Amino acid sequence: MAIVESGREAYGWSRPVQCQKDRIGPDAMRGGGEIASEAEVRHGLSVTLPRLWRYGFVLSRQRDWADDLVQQTCLRALERHGQFQPGSRIDHWLFAILNSLWLNEVRARRVRFGQGTVEAETSLEVDGARETEAKVLAGQVMRLVGDLPEAQRAAVFLAYVEGLTYREVAAVLDVPVGTVMSRLAAARAKLADRMSDGAAK
Amino acid sequence: MTGENDDPPMPSDEELTAFIDGELEEERRARLLDLIERDPAVAARVEHLSRASLPYGEAFQPLLDTAPAADLQRMLDGMTAPPVAANAVVPQTRRRLFGAIAASVAAGVLGDRLLVRLFGTGDGDELADDDGGPDREHHWHGVVAQYMGLYTRETLSGATPGHDAQSAQLAALNRPLNLSLTPEAVEVPGAEFRRAQILSYDDMPLAQITYLDPRSGPLALCILRRPGTVRGVEQEVRGGLSIAYWNGSDHAALLIGRLPPHDLTAKAEAVRGRLAI
């Protein structure tokens, strides 16, 4: 299929970062440019905080987990500000950090500590989101998405809510584009079935 | 998708989804359009999958509006990038102290039961008041803050000791400080126990229990024997580190870490309720 003709490596942000390190070298990374870069990352975080939180909430389906995820994302991004490539999409870079933290640390830790299981949480809902018809519809769409398996939910959110291209979604999730396509197709089939069944009514 | 024939049976949902999402390259898209024209089954499948083209952006807007933006911004503002923090917060005049402590850490003094001597700053103004005044009373906060400024996540990257090992480490603190610490009593909400050891402050034993908070990094609970008036938890910030401190009838205690003061205070309150000092 045309969309997957390139290898996945080209889409990840980790690869260009490695190239940058090799080129500049560790000593040069400590120069004055690092301070500017931290400021840049800090600013990027600042303007992206609500969207990061929303992604954290979509993944975890819990407000306090979303808080956790954003806080850890900030910490990790500041720690690794030298890895951010100026000129690239900082919001996507931050989404990728948050996603990785979710998969590798937060979710695993919470499950291990018995502080809740990931599979059986409540649906995505916003307090008081049932006041008007528009909000009712919004709530239905969120519930439909919230009922999807986590991997599909993340892909749907990034592609259809955040408007990322398939390749950008693949980079954030650190998976091949083909995997993104599979997840979106499976999600679409499921959502379409539910719409046809009237499950969303 | 290997089918490059003129008349493939039925495109996969992946391909149809990419078509609906405008992600197919032009040539493939044109061929699929042609197929939809000719094959009602393909058209029906596209129509079905298109039912999932919902107003996602609008639907998730309210969620964006409920994000605790102000809290998150405050959290970010209070956050210092760890590699920069340790040096950035130490005034020039305190290099000597800093170096001494750094050397201790480098020499492996952080191992259990070894004695780390926390030096005074040598700052005359702070040390002069030796009669129990408020500056003197809180002087140790500053010394602990400088010491904790050296800690990074890596310092505490080890595993959490088992319950018995924790008990043994705490027992080593209990006798010199006249305490009765247990792993349960010193538990800090949301943080993982790392080690308990005795430091020395002003020739007095100082209990230091370190934790790794996955959210904020290193935390420490420090206890000093200091009879006085019982006081509830108060908070301050020193060198970019938050400190929540309180007094029992026989000891002074503090919890220190790089997180918002009110978050730290909440943890301190939880510990205070369990800790007999």
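In this predicted model, the crossing of helices α6(A) and α7(A) is right-handed. Two packed helices are described by the angle between their axes and the distance between the axes. For this pair, the axes come within 9 Å and cross at roughly 135°. Angles over 145 degrees would count as roughly antiparallel and 65 to 115 as roughly perpendicular, so α6(A) and α7(A) are oblique to each other.

Here are the two partners side by side, with the residues that each brings to the contact.

| Helix | Span | Residues in the contact |
|---|---|---|
| α6(A) | residues 150-161 | A:A154, A:A155, A:L158 and A:A159 |
| α7(A) | residues 166-173 | A:Y166, A:V169, A:V172 and A:L173 |

Stepping back to the whole of chain A, we find eight helices and zero strands, which follow one another from the N terminus as α-α-α-α-α-α-α-α. The chain has 201 residues, and 39% of them count as buried. Among contacts in chain A with a separation of 6 or more, 64% come from residues 24 or more positions apart.

Over in chain B, let us look at one residue, B:E187. It sits in the loop between α11 (163-177) and β2 (192-201) of chain B. Is B:E187 buried or exposed? B:E187 has 20 other C-beta atoms within 10 Å, so it is buried. B:E187 also lies 8.8 Å from B:R274, C-alpha to C-alpha, although 87 residues separate the two in sequence.

Conventions: Residues numbered from 1 in each chain as written. Chains lettered and ligands numbered in written order. Predicted model: local features only at pLDDT ≥ 70, side-chain atom pairs only at ≥ 80, totals over all residues. Helix = DSSP H or I, 4+ residues; strand = E, 2+ residues; numbered from the N terminus. Buried ≥ 20, exposed ≤ 12 C-beta atoms within 10 Å, placed from the backbone. Contact = placed C-beta atoms within 7 Å. Axes fitted to C-alpha atoms, helices over the stretch in contact; angles between N-to-C directions. Parallel < 35°, antiparallel > 145°, perpendicular 65-115°, else oblique. Left-handed = near helix turned anticlockwise from the far one by under 90°.
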